[in-house]
Structure formats: C-alpha cells, structure tokens
Amino acid sequence: MEEFDSRSSSSSMKTEAVAELSILIERINPILSEIRSGSMEPALEKAIASLESDYERARAAVASPPKHIECLVQNLGRSLGLTLFASRDSPLSNKEKIEALCKEIMNVRFDSSSWAEETETEIEAEEIVEEIAEEETRVLSVDEAILEIKYGGEEEFKNALLVLDEFVRDGMIRSEVINDQELPRILCSRFRSCKGNHRFIVIRIITYLAQHNAHHKEKMKDLEFLSALVKSLARDAEEQKAAVGLLLSLSDDAGVRRRIGRIRGCIVMLVAISNADDEEASRDARMLLNFMSTNTQHALHMAEAGYFKPLIKYLKQGSEMSKVLMASAVSRLELTDQNKASLGEEGAIEPLVSMFKAGNLEAKLSALNALESVSNLKSNIQRLIDSGMVAALLQLLFSVTSVLMSLREPASAILAKVARSETILVKHDVAQQMLSLLNLSSPIIQTHLLDALNHIASHPTAARVRRKMRDNGAVHLLLPFVAERDPRIRRGALQLLHALSRDAQLTEELDHSHLHTIATVLLSATPSDCDEKAAALGILANLPINDKKITDILKHANILPYLASTMSFSTSTMLLDESIAGFLLRFTNPSDKRLQHYAAEHGVFPLLIKLLASSSEAARSKAALGLSQLSQNTLILSKSRKLKWLCMPPSVDSLCQVHDHHCTVKGNLCLVKAGAVAPLVQILEGGERGADEAVLGCLSTLLQDEIWERGCGYLVRKAGVHSIIKVAASGSFKAQEKALWILERVFRVESHREEYGESAQVVLIELAQNGDAMLAPAVAKVLAQLELLQTQSTYFT
C-alpha cells in the first residue's frame with residue numbers, strides 16, 4: 001500500500017512539473033514570433049538560435065522527470081536573458097514583461113525530495129540531457145556568466161566571476177563576444193562594489209581584456225574606476241601587484257597618467273611598492289613612476305615621497321626653469337639623513353654644483369639653498385669638496401659684485417658644513433682666506449666663517465694648520481671678537497682661541513686686559529651657555545700653570561668661588577667638565593701649599609669629586625690628578641704645629657683612619673675626610689680604562705711609607721682591592737705598574753693575602769707569562785708577597 005502511495009505522489013508531482021513547463025512554453029511562443037518578425041543583428045540572431053534550441057528541447061522533454069525539467073527550464077531562462085540582452089538596440093515591445101518572465105523562469109525550482117527511484121527510461125533521459133549540456137557548456141557558460149554579471153545578485157555575480165576568470169585564464173574567450181557584451185564597461189562599473197578576492201579577479205580579467213584589445217582601455221579611464229583601482233595599491237600583495245600592472249598598462253595615455261597622479265596617496269603608495277620585496281610589483285611601480293614623471297608636479301610629489309630619480313633627471317637634463325624648480329624643491333623638503341644620502345648617491349650634488357657655477361642668479365641661489373640642505377652629511381660633504389665647490393664658495397665670498405651679495409650668506413653656511421671634513425685640510429690657505437674675510441663680512445657670515453674655522457682647527461690632524469694660523473696673526477685678529485655683543489660671534493671667537501691654545505701657550509698674545517675680558521665673559525655667561533664657558537675656561541686652563549702673575553689675575557677675578565657656587569646646580573657638558581678640571585689643576589699645584597689652601601677654602605674638593613662622575617674620561621682623569629696633588633701634602637700638613645693647634649680636642653672617633661690625625665678637608669687636604677675614595681674606586685670598577693692611571697696615582701698617596709698599612713686597610717674596607725686587581729689584568733702599562741705597586745703593599749698583610757691572594761694569583765701568573773717584560777720586576781714582588789716566588793729569584797732582575 002505504501003509503495004502505491006509513493007508512486008502516486010511521484011506521479012502527481014511529475015504531472016504538476018509538466019503542466020508548469022507547458023505554461024512557460026506557451027508564454028515564450030509569442031515572444032519568439034515577435035522577435036522573428038523584425039530585423040536582427042548577428043548577436044541577436046545567435047541568441048535567438050540558442051533560445052529556439054532550448055525551446056524545442058523543452059517541448060520534447062515534457063515526459064522527462066521533474067529534475068530534468070528544472071534543468072531545461074533554467075537553460076530556457078538563460079537563453080531568454082541573452083536574447084533580451086542582445087536585443088538592447090532593437091525596438092522590442094513588452095521588454096518589461098520579457099524581463100519579468102526571464103526572472104520568473106530563472107527562479108523556478110521543483111521539490112524532488114520524496115520521489116521514488118527513477119526508472120530506466122528516466123535514467124536514459126537524464127543521460128541524454130547531460131550529453132546535450134556537455135556539448136554546449138563552454139559557449140553557454142560564457143554567455144551565462146556575462147548575463148549574471150550584469151543582472152545577477154551578489155552570489156550570482158561572484159559565481160559568474162569565477163567562471164569567467166577561468167575562461168579568461170584558459171584563453172577560451174573570443175574578443176568579438178567580449179566586444180558585443182560590453183564586458184569591460186560592466187566590470188569597471190561593478191568593481192567599486194567588489195570585496196576581497198573578487199576585486200583581484202576583476203582586475204585580472206580587466207587586465208586581460210586591456211592587453212588583448214586596446215579599444216577596451218577607453219572604458220577603463222574613468223576617474224571613478226581609477227580611484228577605486230588606486231585603493232587596491234594599499235591592499236594585500238596579490239591585489240596590489242595586479243593593480244600596479246593594470247595601472248601601468250593604462251599609463252600609455254597622458255590623460256590617465258595625469259588623473260592617476262592627482263589621486264590622493266597614489267604616488268606615495270607607488271613609491272612604497274617600488275621599494276618592496278616583490279620584484280614584479282616593484283619593477284612595474286618604478287616603470288609607472290618614470291612614465292608619470294614627465295609631469296614636473298608628479299616628479300615633485302615623488303621627491304616628497306622619497307623617490308628622487310625623476311628630480312635628479314630634471315636637474316641633469318631639464319630646462320633652466322625645471323632645474324630651478326627642482327633645486328628649490330630640495331631646499332624646501334624636510335629631508336631625513338637617508339633622503340640626503342639617496343640624493344648624494346643618485347647624483348644630485350654634481351648638477352647642483354654646476355648650476356651654482358654656471359647658472360644665472362636665480363639658478364645660483366636655488367642651487368646654494370639645495371646644497372645647504374644636503375651638506376650636513378659626511379658623504380655629501382666629500383662630494384662637494386671633490387666637485388671643486390670650496391674654491392667656488394671662497395671666490396664668491398671675496399666678490400664685491402653687488403648682484404652676488406645675496407648669495408654670500410648661504411655660501412658661508414655651506415662652507416661651515418664642508419669644513420667638518422678633514423679633507424679640507426689639504427686645500428692650502430683655506431683657513432687663512434677665511435680669516436681674512438672675517439672683518440669684511442656681515443655678522444651672519446662672520447658666524448658661519450668662525451664655525452668653519454673651528455671645524456678646521458679642531459681636526460685631530462690640524463696641528464700644522466693651527467700653527468700656521470697663529471703665525472699669521474690669528475690670535476690678534478680674534479681677540480676683538482671676544483668682546484663682541486653678538487653671542488654667536490663671541491662664542492665662535494672664544495672656541496677658535498681655545499683650539500689655537502691647545503698646543504701653544506698664548507702668553508705673548510694675551511695680556512692682563514685680555515685675561516680680564518675672558519674672565520668677565522665667563523662670569524657673565526648664562527647658566528645654559530656651556531659652550532661659551534667651556535671655551536673661556538679652556539683658554540685659561542691652557543695658560544702656564546706655574547706663571548704666578550696669571551694665577552694672581554685669575555684669583556682676583558674670583559673664578560674659583562664662582563665655579564664652586566654655580567657648578568653644583570648648572571647644566572654641564574663633557575667639554576665644560578674637561579675645561580673646569582683643567583682649570584682647577586692650576587690651584588692644586590703641590591709646590592704651592594698656600595694656593596692649595598686657597599683652593600680648599602673656596603670649594604675645590606666638592607668640584608673635583610663631582611667631576612669624578614663626569615661622562616668625560618679626560619675630566620675624570622684630570623679631577624683624579626687634582627685630588628692626587630692635594631693629597632700629596634696631607635701627611636706633611638698633618639704634622640705641622642699650626643694644624644695641631646687648629647685641630648679639635650682629642651677624640652678617638654675623630655682621628656683619620658689613614659693618617660691617624662685629626663684631619664680636615666680645608667686644614668690638611670685629606671682625601672678620606674673629603675669622601676673622595678669611594679668615587680675613585682667606582683671609576684676603577686667601570687668599563688673605561690682611560691682614567692685608571694690618575695685614579696691609582698691618587699689612591700697611592702694613601703699608601704706612603706708612614707701610613708701604608710692603615711691605607712691598605714682603608715682600601716680593603718672600601719672594597720677597592722678587586723678593582724685594582726682588575727686594572728692589573730687589563731689596564732694600560734702605566735696603570736698596571738701603579739696597580740702592582742699598590743698590590744705589593746696590600747699583600748704585605750697576611751689577612752689581605754688570605755682574602756684576595758687567590759683571585760690575584762691568576763692575574764699575576766698571566767702577567768708573568770704573557771705581560772710586558774718591563775712589568776716583570778713588579779709582578780715578581782707581588783708574587784713573592786703571595787709566597788709564589790722566592791725573593792732571591794732572578795725574575796726580579
């Protein structure tokens with residue numbers, strides 16, 4: 001009974017499907033009649049033929065199962081849609097009704113979930129229909145895809161796009177079909193609403209169309225489409241590469257290049273892609289940029305994005321106007337060091353120099369400003385020197401032609417930067433020529449010239465140049481500028497005098513009034529003007545230390561009290577620290593105890609101890625030397641009757657742990673009471689070794705014969721022995737020598753040998769085997785203290 005019911009239900013459903021198919025056939029028949037009665041284009045004839053073929057199959061398949069009927073109905077709907085599309089230029093009546101019928105047919109579905117198994121006749125019919133579908137699937141699939149791309153919804157569009165993409169990649173699509181269906185226009189129109197991977201597919205199809213038919217490119221030049229395409233430059237790598245390739249394909253049209261260049265962010269993205277890792281995308285982006293660079297505005301935008309090749313090409317080969325335009329752009333751009341390096345490496349310096357040498361006034365000025373922008377980079381400075389720019393700049397500065405006066409300031413600014421290179425030292429008399437220009441120039445040019453002279457005089461290999469400058473009267477020429485009201489000129493003059501005083505004492509050139517002027521500048525400098533103070537103190541520090549007249553002048557100027565009162569809270573620099581430390585050495589001279597007491601009374605100890613923490617190794621070394629000079633006289637001063645009379649009442653707690661006296665900082669210049677030992681040891685614990693010799697020399701003043709045992713004990717308590725062993729292992733020869741001298745005294749005490757002997761042993765044996773032969777006697781003495789070597793050994797000799 002159940003089997004009968006199932007067959008009955010299936011039969012009923014088949015009857016319904018056949019009835020619906022019959023109705024659709026009847027509705028299509030008048031449409032065919034109307035279209036046949038008019039004139040037809042070839043495309044319409046082809047669509048009608050397809051529709052008639054599907055129409056006849058539908059009529060013949062009335063007996064087929066519903067599943068096959070559904071397939072035939074869908075084919076019938078697609079053919080009707082293609083016919084409608086092909087007749088877009090033909091005068092058909094009732095087009096709206098035809099469109100409605102087309103959509104109705106496309107949406108027809110039959111429910112076959114409860115059908116019974118098919119009969120052998122039904123299977124044969126299905127096979128026949130499949131064979132027919134297989135025969136025409138290629139042609140129909142292309143047509144169907146085009147139809148659904150135009151009329152279909154989101155899902156239909158996506159599916160049709162995939163089908164069409166497959167045909168395009170297989171090369172199975174005919175150009176006349178594409179032309180008839182206006183596929184490029186349709187795809188460009190729908191591209192803006194595409195998402196994800198479908199954008200990439202559309203770009204690939206459009207690119208194929210553009211490559212196979214140049215006529216299609218006309219439909220792709222719309223600004224809206226180009227704007228949407230440019231957005232793909234910022235998306236994933238595959239889409240980005242495809243977008244660059246399509247833009248390159250379209251760029252043979254000047255109008256397209258112009259439109260692309262105007263789209264915001266396009267050039268920046270192309271420059272970024274040109275520097276990316278993908279070789280193909282990078283190559284295409286560079287080609288596109290080069291095509292677009294025929295427009296000077298585009299070339300300028302490329303330079304703003306860091307792509308300088310077009311700009312440099314204009315500098316080399318462009319018209320005079322375009323050269324000035326590009327040079328002016330270089331001076332306006334905010335260039336990074338990498339940008340400046342790129343400009344130099346890619347050849348911008350040479351054409352700019354040529355513009356300056358041979359161009360008109362506008363060209364000269366724009367070239368100078370551009371060169372100033374890139375000339376603070378060492379590699380570019382060398383290119384300027386190699387191109388003969390120094391002589392050209394000096395020639396301009398000596399010129400009295402009024403027309404060229406406006407060029408002198410940028411020329412002097414470039415000269416100041418070029419002078420940073422030591423290569424300029426081989427240019428004979430350059431420094432002397434600059435000096436001769438000082439009194440003939442405006443304040444701004446004077447400032448630049450002084451900067452240039454300071455760079456030249458400060459080079460490590462410039463001793464010969466400095467001597468020649470002094471011999472030619474540079475000091476007398478500069479001294480009036482020390483009193484200059486313009487702080488930049490005054491600072492520059494002081495710095496140059498400081499440089500000239502490094503390897504010569506300027507006692508003949510500097511009289512009392514000059515020293516007074518320099519001291520006045522120092523005392524009136526603002527707390528933040530470290531460079532001016534460093535230069536003034538540096539000049540004074542380089543004067544002969546033993547000249548008592550100079551010392552008296554400096555004492556009366558109250559410089560030492562000024563430093564003690566201001567340096568504790570003022571900002572400082574390495575150079576200022578070095579100048580202060582050098583200046584203080586005059587007041588710590590061990591041969592003048594009275595002067596040392598003056599220095600102690602006016603705060604020299606806190607100054608020197610603060611300098612022990614300076615970031616400048618030279619300042620730390622000089623500070624340690626100053627403390628050492630003060631400490632040399634502590635023991636002698638401790639024994640003097642005057643000091644004993646000044647001491648506080650006897651108290652065990654107040655006795656110095658090293659000198660065993662009632663020491664004070666100002667009374668007998670005691671390092672221990674000043675708290676200097678801990679920061680001295682800290683220097684030895686650090687990684688820099690330049691100040692070790694001075695520090696160890698200072699600590700050794702605590703180990704003099706009368707106090708060595710207490711001094712060694714104090715070093716142990718301050719955890720200084722390990723640091724001294726460290727210096728013995730890796731310090732300079734002089735530092736190792738002093739470290740071994742201290743260790744020999746430390747290891748005289750048995751408890752110290754037990755505590756530090758094992759760690760010192762490894763270092764000492766290494767020094768004995770591989771160290772400097774001149775250290776051998778000192779090493780042997782320490783080894784003997786550790787009982788690792790007999791004191792009678794020939795190793796001592």
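A search of the whole structure, which is a predicted model, finds 21 salt bridges, a salt bridge being a side-chain nitrogen of Lys or Arg within 4 Å of a carboxyl oxygen of Asp or Glu. In this predicted model, local features need pLDDT of at least 70 and side-chain atom pairs count only at pLDDT 80 or more, while totals for chains, interfaces and linings use all residues. Residues are numbered from 1 along each chain as its sequence is written, and side-chain values use heavy atoms, with hydrogens and water left out.

One of these salt bridges brings together the side chains of Lys 221 and Asp 253, at 2.8 Å from N to O. The pair links distant parts of the chain, 32 residues apart: Lys 221 sits in the loop between helix H9 (197–212) and helix H10 (223–231), and Asp 253 in the loop between helix H11 (237–250) and helix H12 (254–262). Helices here are DSSP runs of H or I with at least four residues, numbered from the N terminus. With a relative accessible area of 13%, Lys 221 is buried, whereas Asp 253, at 23%, is partly exposed; buried means under 20% relative accessible area, exposed over 50%, and partly exposed in between, with a 1.4 Å probe and protein chains only.

Asp 253 caps the N-terminal end of H12, with a side-chain oxygen 2.7 Å from the backbone nitrogen of Gly 255. Such a polar contact is a pair of N or O atoms within 3.5 Å; within protein, one must be able to donate a hydrogen and the other to accept it, and residues adjacent in sequence count only if both atoms are side-chain atoms. Gly 255 is itself buried in H12, as are Val 256, Arg 257, Ile 260 and Gly 261. The buried residues of this helix pack against H10, H11, helix H13 (266–274), helix H14 (279–292) and H15, where contact means heavy atoms within 4.5 Å.

Helix H15 covers residues 296–304, and Thr 296 is placed in it. Thr 296 is partly exposed, with a relative accessible area of 27%. Leaving aside neighbours within four places in sequence, Thr 296 is in contact with Tyr 314, Leu 325 and Met 326. From Thr 296 to Pro 310 the C-alpha atoms are 8.6 Å apart in space, for a separation of 14 residues in sequence.

Arg 620 pairs with Glu 688, the closest N and O atoms being 2.4 Å apart. Here Arg 620 belongs to helix H36 (residues 617–631), and Glu 688, 68 residues apart from it, to the loop between helix H41 (677–685) and helix H42 (692–700). Arg 620 counts as buried at 9% relative accessibility, while Glu 688 is partly exposed at 43%. Asp 705 forms a salt bridge with Arg 745, with 2.8 Å between the closest N and O atoms. This pair, 40 residues apart, connects the loop between H42 and helix H43 (708–717), which holds Asp 705, to helix H45 (residues 733–746), which holds Arg 745. Asp 705 is exposed, with a relative accessible area of 59%, but Arg 745 is buried at 9%. Elsewhere, salt bridges that share partners join Arg 199, Arg 235 and Glu 239 into one network.

Not counting residues up to four places away in sequence, Met 434 touches Leu 394, Leu 415, Ile 424, Leu 449, Ala 452, Leu 453 and Ile 456.

Ser 373 lies in helix H20 (residues 361–374) and, at 19% relative accessibility, counts as buried. A polar atom of the Ser 373 side chain is 3.1 Å from the backbone oxygen of Asn 369. Beyond four places in sequence, Ser 373 is in contact with Val 330, Ser 331, Leu 335 and Lys 340.

Finally, the structure holds zero disulfides, a disulfide being a pair of cysteine sulfur atoms within 2.5 Å. For Cys 663, the nearest cysteine sulfur, that of Cys 656, is 3.9 Å away. Cys 663 counts as buried at 6% relative accessibility, and Cys 712 counts as buried at 0%.

Key
Helix = DSSP H or I, 4+ residues; strand = E, 2+ residues; numbered from the N terminus.
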